[in-house]
Amino acid sequence: MKTRHFLWICLFALAAVAVRSNAQDLITNVYGRNRVSLNGKWNAIVDLYDQGERMKLYENRKPVGNTDFYEYAFEGGLRLNVPGDWNSQLSELNYYEGTVWYARHFEALPQTDQRQFLYFAAVSYRCKVYLNGKFITEHEGGFTPFQVEVTQLLNKGDNFLVVQVNNRRSQDAIPALAFDWWNYGGITRDVWLVTTPQRFIMEYFVQLDKCDSDKLVACVQLSEKRAGETVSVSIPELKMNMEMTTDADGKAESVCQVKRLQRWSPDTPKLYQVYITSATDRVEEEIGFRNIMVKGTDIYLNDKPIFMCSVSFHEEIPQRKGRAFSEADAAMLLHEAKALGVNMIRLAHYPQNEYTVRMAEKMGFILWQEIPIWQGIDFADRGTQKKAQQMLAEMIKRDQNRCAVGYWGIANETQPSKERNEFLSSLLEAGKQIDTTRLYVAAFDLVRFNEQKQRFVMEDEFTAKLDVVAVNKYMGWYHPWPVKPDDAIWEVVSDKPLIISEFGGEALKGQSGNAQVASSWSEEYQEQLYLDNIRMFEQIPNLRGVSPWVLFDFRSPFRFHPTHQEGWNRKGLVSDRGERKKAWYVMRDFFEKKRK
Ligand code: GCU
């Protein structure tokens, strides 16, 4: 074979290998980088029988000769908003679970001294990405970001981007086959074309040492594995500048004592302008500093015990029947939480969009973020375990500089088993490899009333591995009262802080009825249920937080009652139309008293 041909084959093979890279490490703080939005109307093809790969839709071929024809075209067809779920954009797609192909053109002007990345803030649930007719990456997980370098793949001028999205549920997925929220599919969050210098700051972490209130920890990772590079982290307001030098891996870290630091808290959500600088790059963002830790059965924020007055919400705008994705959406959800008077939000049951996290931090909410290890996960599947660890890493990497994040949640209502314990233990270890400055928590639904002992107890050896234990307990709804609330005795994980991470019951806004009859679905019943639960909470010695389930009614595929539910889970303190129910006022008063 002639040398020239051989060379071409090698080059092509190299290019082929290059484009099949999986998502790389995440660039920290994409919102602080040089970026172009690829949001807007994308063309789309609904591919119910998954024929698109066979037909090579991503090549977007056009007929040339008289006998050419293609049974598809992106132009002139369906158009979908990005970001956004497809379910709420087209009534025919409300229940759709399958594949949709998204496509759009965009202009690029590659520069030799720059690198370009495509960054997807989230695609639900799995996807394959094609650029200019070639597969470039794939990702699984509907709630965490991923990126792929396209520096060598961009055309000067027009580029054609195709994303094959599939939201079909599967046993080996996370979440798996059945979960109590709507299975929204689509490119549900922002898409960016990010440009960095040739050599840039890939990742950084700037937070207080977990237990030392004036020791600042800074780690910076450059894009090149090169020793001897000078990088700096500076906070002008504190007259602080940390200079450090990279090691052979291009990583630098340093600690320094900071005086007169105003630590972040829900009451004083102080953020500082922080600059991270290298020889060729400079990134800035607002970062807050706080300590959160456990001492005995207490949770300490900035060296003072704190009670978590919390509430949960899904990433959903009920009035639009769609997934939340914008700053305006974040503002709507967070302002309702603010009015309730909480100091914490459990972002259920998956990492929510970055607008919500950043705005929550500015508004003064501690956050519990979790990956959707929700009930029936296939803990014996090695692939599922790998996915869980990837999702946890992507969540932590994205939000590691968000001081508002106080808790990483690793599971919700999982049942004890050898496989589950091994799965969660390895997940916990994987998380702690990345971040040990937050508290690790999981929510269990295993509290039972022991008739013999006449007390609420829970048996689960896995709780010993957690910093804080949380319990979902629906007294008065799924579980009738075995004793009067005032007489309830709890002996649950007595040596750790306990958070009631879910409680409540359903009510249809405007429905009045007997406060003693659950099936009335009345506001009176829900109100009394909340009053009863509050009386029980006062009896729990190691209770350090409560979080009503849930702030807003939300859509659920298995809430079938034709008049009370109509496909909505009605446990909201606020209805799907934004109307506060009687129970909302019960919790507002409770939190007001608790936070005095
Ligand atoms: C569970 C689960 C929630 C669910 C709730 C309910 O505790 O964690 O996701 O919505 O119960 O049944 O309403």
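Me: Which residues form one aromatic cluster?
Reply: Phe143, Phe179, Trp181, Tyr350 and Trp374 make up one aromatic cluster. Rings of Phe, Tyr and Trp (its six-membered ring) pair if their centres lie within 6.5 Å; planes under 30 degrees apart count as stacked, over 60 as edge-to-face and the rest as tilted.

Me: Before we go on, what are the ground rules here?
Reply: This is a predicted model, so local features need pLDDT of at least 70 and side-chain atom pairs count only at pLDDT 80 or more, while totals for chains, interfaces and linings use all residues. Residues are numbered from 1 along each chain as its sequence is written, and side-chain values use heavy atoms, with hydrogens and water left out.

Me: OK. How many aromatic pairs does a search of the whole structure find?
Reply: The search finds 30 aromatic pairs. In one of them, the rings of phenylalanine 120 and phenylalanine 146 have centres 5.0 Å apart and planes at 10 degrees, so that pair is stacked.

Me: Where do phenylalanine 120 and phenylalanine 146 lie?
Reply: Phenylalanine 120 is in strand β5 (residues 114-120) and phenylalanine 146 in strand β8 (residues 146-149), so the pair ties together parts that are 26 residues apart in sequence. Helices (H or I, at least four residues) and strands (E, at least two) are DSSP runs, numbered from the N terminus.

Me: And are phenylalanine 120 and phenylalanine 146 buried or exposed?
Reply: Both phenylalanine 120 and phenylalanine 146 are buried. Buried means under 20% relative accessible area, exposed over 50%, partly exposed in between (1.4 Å probe, protein chains only).

Me: What sits over the ring of tyrosine 350?
Reply: The charged end of arginine 323 does, 5.3 Å from the ring centre. Tyrosine 474 has the charged end of lysine 571 over its ring, 5.7 Å from the centre. The cut-off: NZ of Lys or CZ of Arg within 6 Å of the ring centre and within 35 degrees of the ring normal.

Me: Switching to salt bridges. How many does the structure hold?
Reply: The structure holds 44 salt bridges, each a side-chain nitrogen of Lys or Arg within 4 Å of a carboxyl oxygen of Asp or Glu. Glutamate 203 and lysine 397 meet in one of them, at 3.1 Å, N to O. Glutamate 203 lies in strand β11 and lysine 397 in helix α4, so the pair ties together parts that are 194 residues apart in sequence.

Me: Which residues are linked in a network of salt bridges?
Reply: Glu285, Glu354, Arg358, Glu361 and Arg402 are linked that way. Within that set, the side chains of glutamate 285 and arginine 402 meet at 2.9 Å, N to O, and both of these residues are buried.

Me: What about aspartate 329, which residue does its side chain meet in a salt bridge?
Reply: Arginine 320, at 2.9 Å, N to O. Aspartate 329 is buried, with a relative accessible area of 7%, while arginine 320 is partly exposed at 33%.

Me: How many cavities of 30 Å³ or more are found?
Reply: Five. The largest cavity has a volume of about 110 Å³, and the residues closest to its centre are Ser124, Tyr125, Pro175, Phe179 and Asn183.

Technical notes:
On a 1 Å grid over the protein atoms alone, a cavity is a set of points where a 1.4 Å probe fits but cannot get out, and a pocket is an open set with protein on both sides within 12 Å along at least five of seven lines; lining residues have an atom within 4 Å of a point. Grid points are joined across faces, edges and corners, and a volume is the space filled by probe spheres set on the points.
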